[in-house]
Amino acid sequence: MSASNAWTRQQLLVAFWLYCQIPFGKMHSRNPQIIKFAELLGRTPSALAMKLTNIASLDPQITSTGRKGLAGASNPDKSMWKGMQSDWNAFEQSSGEAVEDVLKDSSLYAMPLALDEMDYTGENRIVQCTARRGQDFFRNAVLTAYDFKCCISGLSVQKLLVASHIVPWV
């Protein structure tokens with residue numbers, strides 16, 4: 001791969017963020033989310049979809065089920081995977097910032113990235129609360145990992161599903 005085609009750290013962070021948001025079976029070049037982010041990253045949808053399936057080859061949740069992903073994971077992919085596994089909170093913050101940076105100059109910036117985050121009520125409300133950073137990212141990653149269903153009951157009504165951390169929020 002030539003240096004001009006090498007993935008930057010920011011592009012990899014966005015790709016890993018997407019990997020945690022898109023189910024394995026939907027990581028293809030026709031996925032609208034992949035198409036939009038590929039354009040923002042200056043990549044083709046095929047290149048981004050291939051990167052996501054290369055990342056999947058590193059994921060034991062995928063490989064333990066007999067699925068493989070693609071075998072072209074690069075050394076930077078492997079390094080980022082290890083970093084994500086060793087410090088999930090730092091990864092969430094870094095990847096979220098990379099996504100925000102990519103979206104800043106885009107009409108997508110104000111648009112929710114997941115359909116269940118869209119509010120169609122048209123009402124105004126003032127809200128003040130303390131929220132743990134990264135909860136939306138964590139929730140979407142958990143929902144994606146379990147095919148948008150409760151891993152115990154099989155319930156698939158996303159508004160009723162809650163993702164909970166094992167580590168308490170202090």
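Tutor: Accessible areas here come from the Shrake-Rupley method with a 1.4 Å probe. The model is predicted. For the protein chain, the accessible surface comes to about 11,100 Å², and carbon and sulfur atoms hold 54% of that surface.

Student: How many helices and strands does the secondary structure hold?

Tutor: There are 7 helices and 0 strands. Read from the N terminus, the order of elements is α-α-α-α-α-α-α. As for contacts at a separation of 6 or more, 58% of them join residues 24 or more positions apart.

Student: How should I read the position of helix α1, residues 9-19?

Tutor: Look at how many of its residues are buried. In α1 that is 9 of the 11, so the helix is largely enclosed by the rest of the structure. The buried ones are Gln11, Leu12, Leu13, Val14, Ala15, Phe16, Trp17, Leu18 and Tyr19.

Student: What covers the buried residues of α1?

Tutor: The cover includes α2 (32-41), α3 (45-56), α4 (60-63), α5 (75-86), α6 (88-103) and α7 (135-145).

Student: Which residues have the most contacts inside the largest nonpolar core?

Tutor: A nonpolar core is a set of buried nonpolar residues joined through side-chain atoms within 4.5 Å. The largest one here has 34 residues, and Val14, Leu18, Tyr19, Phe37, Leu48 and Leu52 have the most contacts inside it. At least two residues of this core come from each of α1, α2, α3, α5, α6 and α7. Helix α1 supplies the largest share, with 8 residues.

Student: Take Leu52 from that list. What is it in contact with, leaving aside neighbours within four places in sequence?

Tutor: Leu52 is in contact with Ala15, Leu18, Tyr19, Ile22, Met27 and Ile34.

Student: Which residues is Asn54 in contact with, its neighbours within four places in sequence left aside?

Tutor: They are Leu70, Ala71, Gly72, Ala73 and Asp77. Asn54 is in helix α3 and is buried, at 8% relative accessible area.

Student: How far is Ser74 from Asn54 in space, C-alpha to C-alpha?

Tutor: The distance is 8.1 Å, for two residues 20 apart in sequence. Ser74 belongs to the loop between α4 and α5. Its relative accessibility of 24% makes Ser74 partly exposed.

Student: How is a pair of packed helices described?

Tutor: By the angle between their axes and the distance between the axes. For α2 and α6, the axes come within 10 Å and cross at roughly 75°. Angles of 65 to 115 degrees count as roughly perpendicular, so α2 is roughly perpendicular to α6.

Student: Which residues meet where α2 faces α6?

Tutor: From α2 there are Phe37, Leu40 and Leu41, and these meet Val99, Val102 and Leu103 in α6. The residues of this contact divide into 6 nonpolar, no polar and no charged.

Student: What should I look for in the backbone angle phi?

Tutor: Most residues other than glycine have a negative phi. Asp147 has a positive value, near 55°. Phe148 also has a positive phi, near 60°. Asp147 lies in the segment after α7, and Phe148 is found in the segment after α7.

Student: What is the relative accessibility of Asp147?

Tutor: The value is 48%, so Asp147 counts as partly exposed.

Notes
Residues are numbered from 1 along each chain as its sequence is written. This is a predicted model: local features need pLDDT of at least 70, side-chain atom pairs count only at pLDDT 80 or more; totals for chains, interfaces and linings use all residues. Side-chain values use heavy atoms; hydrogens and water are left out. Buried means under 20% relative accessible area, exposed over 50%, partly exposed in between (1.4 Å probe, protein chains only). Helices (H or I, at least four residues) and strands (E, at least two) are DSSP runs, numbered from the N terminus. Contact means heavy atoms within 4.5 Å. Axes are lines fitted to C-alpha atoms, for helices over the stretch in contact, and angles run from 0 to 180 degrees between N-to-C directions. Angles under 35 degrees count as roughly parallel, over 145 as roughly antiparallel, 65 to 115 as roughly perpendicular and the rest as oblique. Ala, Val, Leu, Ile, Met, Phe, Trp, Tyr, Cys and Pro count as nonpolar, Asp, Glu, Lys and Arg as charged, and the others, Gly among them, as polar.
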